[in-house]
Amino acid sequence: TYTLLPGTALPPGLALDPTTGEVTGSPTAAGAFGFAVVATDAAGQAVEVPGTIVVNPPLAGTGAVPRPE
């Protein structure tokens, strides 16, 4: 299973699928967002993987938020 480490969060508008670990959605705020995912296998072994997603501000005149890198 996949969970976010308590005290960390994905950018607003994004979600972590607890079964696949896939991050989906459309970010609604610009900025750099630090988070950590805890992956746990069937035997209960867990590993923590830190990450950062940077969301750029909307492109001028489009109103669209670019997809995270």
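Trainee: Which residue in S4 does Thr3 stand opposite?

Mentor: Strands of a sheet pair through backbone hydrogen bonds, either parallel or antiparallel. In this case Thr3 stands opposite Val38 in S4, while the bridge partner of Tyr2 in S4 is Ala39. Strands here are DSSP runs of E with at least two residues, helices are runs of H or I with at least four, and both are numbered from the N terminus. Bear in mind that this is a predicted model, in which local features need pLDDT of at least 70 and side-chain atom pairs count only at pLDDT 80 or more, whereas totals for chains, interfaces and linings use all residues. Residues are numbered from 1 along each chain as its sequence is written, and side-chain values use heavy atoms, with hydrogens and water left out.

Trainee: How many helices and strands does the protein chain have?

Mentor: The protein chain has zero helices and five strands, giving the pattern β-β-β-β-β when read along the sequence.

Trainee: In what order do the strands of the open sheet lie?

Mentor: Two strands are taken to pair if DSSP finds at least two bridges between them. Here three strands form an open sheet in the order S1-S4-S5, with antiparallel pairing. S1 (2–4) and S5 are the edge strands, each pairing on one side only. Neighbouring strands of this sheet are turned by 30° against each other on average, direction ignored; the axes are lines fitted to C-alpha atoms, and angles run from 0 to 180 degrees between N-to-C directions.

Trainee: How many bridges join S4 to S5?

Mentor: S4 (residues 31–40) and S5 (residues 46–55) run antiparallel and are joined by 10 bridges, and three bridges join S1 to S4.

Trainee: Which residues make up the largest nonpolar core?

Mentor: A nonpolar core is a set of buried Ala, Val, Leu, Ile, Met, Phe, Trp, Tyr and Cys residues joined through side-chain atoms within 4.5 Å, where buried means under 20% relative accessible area, exposed over 50% and partly exposed in between, with a 1.4 Å probe and protein chains only. The largest such core has eight residues, namely Leu10, Leu14, Leu16, Phe33, Phe35, Val37, Ile53 and Val55. Strand S2 (14–16), S4 and S5 are the elements that give two or more residues to this core, and S4 gives the most, with three. Over the protein chain, buried residues make up 19% of the 69 residues.

Trainee: What does Phe33 touch, apart from residues up to four places away in sequence?

Mentor: Contact means heavy atoms within 4.5 Å, and on that basis Phe33 touches Ala9, Pro11, Pro12, Gly51, Thr52, Ile53 and Val55.

Trainee: Where does Pro12 lie, and is Pro12 buried or partly exposed?

Mentor: Pro12 lies in the loop between S1 and S2, and its relative accessible area of 38% is why Pro12 counts as partly exposed. Leaving aside neighbours within four places in sequence, Pro12 is in contact with Ser26, Pro27, Thr28, Ala29 and Phe33. The C-alpha atoms of Pro12 and Ser26 are separated by 8.3 Å, although these residues are 14 residues apart along the chain.
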